[in-house]
Amino acid sequence: MATSGSKQPPRIEPGVRGLDSLIEGGFIIGDVHILAGGPGTGKTIFSSHFAYNAISKLGKRAVYATFEESAEYFKRNAKQFGMDFSPYEKSGKIRILDLDTLRGKGLESNISLLLAALEEIEGEILVIDSLTALLMACETSFELRSFMKTLYRSVKNNGTTALMTVSTTSEGKLGPETFLVDSVMLLENWMDKFEFKTRFIVLKMRGTDHSRKYHSVILSPEGLSISKY
Ligand SMILES: Nc1ncnc2c1ncn2[C@@H]1O[C@H](COP(=O)(O)OP(=O)(O)OP(=O)(O)O)[C@@H](O)[C@H]1O
Ligand SMILES: [Mg+2]
């Protein structure tokens, strides 16, 4: 629970219903947060909520880098959940970057592009969906670690609050990209008799007295929300 206000680092609402109370009110501003999960667990919907809430309710500016889905597909999907990014894109509140177009251009140019976009719009929020796809260009684990270090340092130096999605392996394992970052949240699909369900847990969040319990994830036409079992 949040205690004496003065010692608390500034936080930003995650924009996902039910999550605030599990993480002392929000993500620490300026930290790098990872949302890991298997296919279809809601990583993109979760990230959309974070970005949409930040721009529409909190008046922040954001850069949203989509890698696997095109920018158009991303916007169309988000609209289904009541999040219309188009007016905010037009007014320069959000820059949606389709990083797939940069595939093969090298990781450094991807980072430069993200940083340039953040600078241009004076963005305070960065979403990368997905980091796993971006890291595919790394040929060795050494390269992956050093790229992560560069990305982490660049984002931290900028004071940006970042949310990056990561795909877990079929055994649910987390990759080395999760070691360096400030927080790791996990979405998991699991079988409950004949129905698959989705659950959420915070695995680490530096500087935060976070919940250590699994919570239920509800995916509905209103989007994603988190609630007690
Ligand atoms: N209108 C809807 N109502 C309820 N649930 C929905 C709706 N649309 C999508 N879903 C659920 O959301 C899931 C997709 O969510 P999302 O795209 O955020 O997952 P993801 O983790 O990003 O997937 P991927 O690994 O493919 O990137 C679908 O598999 C489905 O279960
Ligand atoms: Mg996705």
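# Chat about a predicted model

Q: Hi! Which residues come nearest to ligand 1?
A: Gly40, Lys43, Thr44, Ile45 and Leu219 come nearest, out of 13 residues around ligand 1. A residue counts as near if its C-beta atom, placed from the backbone, lies within 6 Å of the molecule. This is a predicted model, where local features need pLDDT of at least 70, side-chain atom pairs count only at pLDDT 80 or more, and totals for chains, interfaces and linings use all residues. Residues are numbered from 1 along each chain as its sequence is written, while chains are lettered from A and ligands numbered from 1 in the order in which they are written.

Q: Switching topic: what lies under α1?
A: Helix α1 lies across β3, β4, β5, β6, β7, β8 (183-192), β10 and β11. It runs at about 165° to β6; axes are lines fitted to C-alpha atoms, for helices over the stretch in contact, and angles run from 0 to 180 degrees between N-to-C directions. Contact here is between residues whose C-beta atoms, placed from the backbone, lie within 7 Å.

Q: How many strands form the sheet, and in what order?
A: Nine, in an open sheet with mixed pairing: β5-β4-β6-β7-β3-β8-β9-β10-β11. β5 and β11 (223-227) each have a single partner strand, so one side of each has no neighbour in the sheet. Two strands pair if DSSP finds at least two bridges between them.

Q: What about β7, how many of its residues are buried?
A: Six of the seven residues in β7 (161-167) are buried. Buried means 20 or more other C-beta atoms within 10 Å of a residue's own, exposed means 12 or fewer, and partly exposed is in between, with C-beta atoms placed from the backbone. β7 pairs in the parallel sense with β3 (32-37) over six bridges and with β6 (125-129) over four.

Q: Last one: which residues of α2 are buried?
A: Phe74, Lys75 and Ala78 are buried in α2 (71-80). They sit on the same side of α2, because they cover an arc of only 95° around the axis, taken from the directions from the helix axis to the C-beta atoms. Glu72, Arg76 and Gln80, on the other side, are exposed.

Methods
Helices (H or I, at least four residues) and strands (E, at least two) are DSSP runs, numbered from the N terminus. Two residues are in contact if their C-beta atoms, placed from the backbone, lie within 7 Å.
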